[in-house]
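Please look through the model shown here, then read the numbered points beside it.

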Amino acid sequence: MKKSEMIKKEETFTEIIHNCPYIKNNYYVIYYRKNCDTTKYGISIPKKTGKANVRNKMKRRIKNIIDTNEKQVHKNYDYVIISRKRLIELNYQEMENNLINLIKKIGAKNEEKKI
């Protein structure tokens, strides 16, 4: 994942979280909004999850999941992915399945709205 694809400003994070729809499961909450230009991602891991090395490992894994499944991620959206504490219980494959299923649901919801 390129640095240009990351949401870094706190104002953008809070704007998306407070004003945009979301979808969630036991391990992730994903806020999303339509964006005309590019697809951007913001990843947030709460401090309750663990120390900095654990949180950074989770961020790296989420970035890798997004990179490897780029074709399944819907383009021209801004995503803010917030993990929950339970995420550390999962192995990589389970993390990937849960995240990709949520992203697919976002696409399915938006396709229903177009019809």
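1. A residue is called buried when its relative accessible area is under 20%, exposed when it is over 50%, and partly exposed in between, using a 1.4 Å probe and protein chains only. At 4% relative accessibility, Y41 is therefore buried. Y79 is buried as well, with a relative accessible area of 1%.

2. Some notes on the source come next. The model is predicted, so local features need pLDDT of at least 70 and side-chain atom pairs count only at pLDDT 80 or more, while totals for chains, interfaces and linings use all residues. Residues are numbered from 1 along each chain as its sequence is written, and side-chain values use heavy atoms, with hydrogens and water left out.

3. Aromatic rings are the next topic. A pair of aromatic rings is described by the distance of the centres and the angle of the planes. Rings of Phe, Tyr and Trp (its six-membered ring) pair if their centres lie within 6.5 Å; planes under 30 degrees apart count as stacked, over 60 as edge-to-face, and the rest as tilted. By this rule there are four aromatic pairs. One of them joins Y22 and Y31, with 5.3 Å from centre to centre and 50° between the planes, and it is tilted. Y22 is partly exposed, at a relative accessible area of 43%, whereas Y31 is buried at 13%.

4. How far apart are the ring centres of Y41 and Y79, and at what angle do their planes lie? The centres are 5.7 Å apart and the planes lie at 10°, so this pair is stacked. Y41 belongs to strand β3 (residues 40-44) and Y79 to strand β4, so the pair links distant parts of the chain, 38 residues apart. Helices (H or I, at least four residues) and strands (E, at least two) are DSSP runs, numbered from the N terminus. Ring pairs also link Y41 and Y79 with Y32 and Y77 into a cluster.

5. Charged side chains follow. A salt bridge is a side-chain nitrogen of Lys or Arg within 4 Å of a carboxyl oxygen of Asp or Glu. The structure holds three salt bridges. In one of them, the closest N and O atoms of E15 and R33 are 2.9 Å apart. E15 lies in helix α1 (residues 10-19) and R33 in strand β2 (residues 28-34), so this pair ties together parts that are 18 residues apart in sequence. E15 is partly exposed at 41%, and R33 is partly exposed at 23%.

6. R33 also meets D78 in a salt bridge, at 3.0 Å from N to O. Because D78 lies in strand β4 and R33 in strand β2, the pair ties together parts that are 45 residues apart in sequence. D78 is buried, at 3% relative accessibility. E15, R33 and D78 are thus linked in a network of salt bridges.

7. E70 and K75 also meet in a salt bridge, at 3.8 Å from N to O. E70 is partly exposed, with a relative accessible area of 41%, and K75 is partly exposed, with 46%.

8. Where does N69 lie? N69 is in the loop between α2 (52-68) and β4 (77-83). Is N69 buried or exposed? At 13% relative accessibility, N69 counts as buried. Leaving out residues up to four places away in sequence, N69 touches E96 and I100, where contact means heavy atoms within 4.5 Å.
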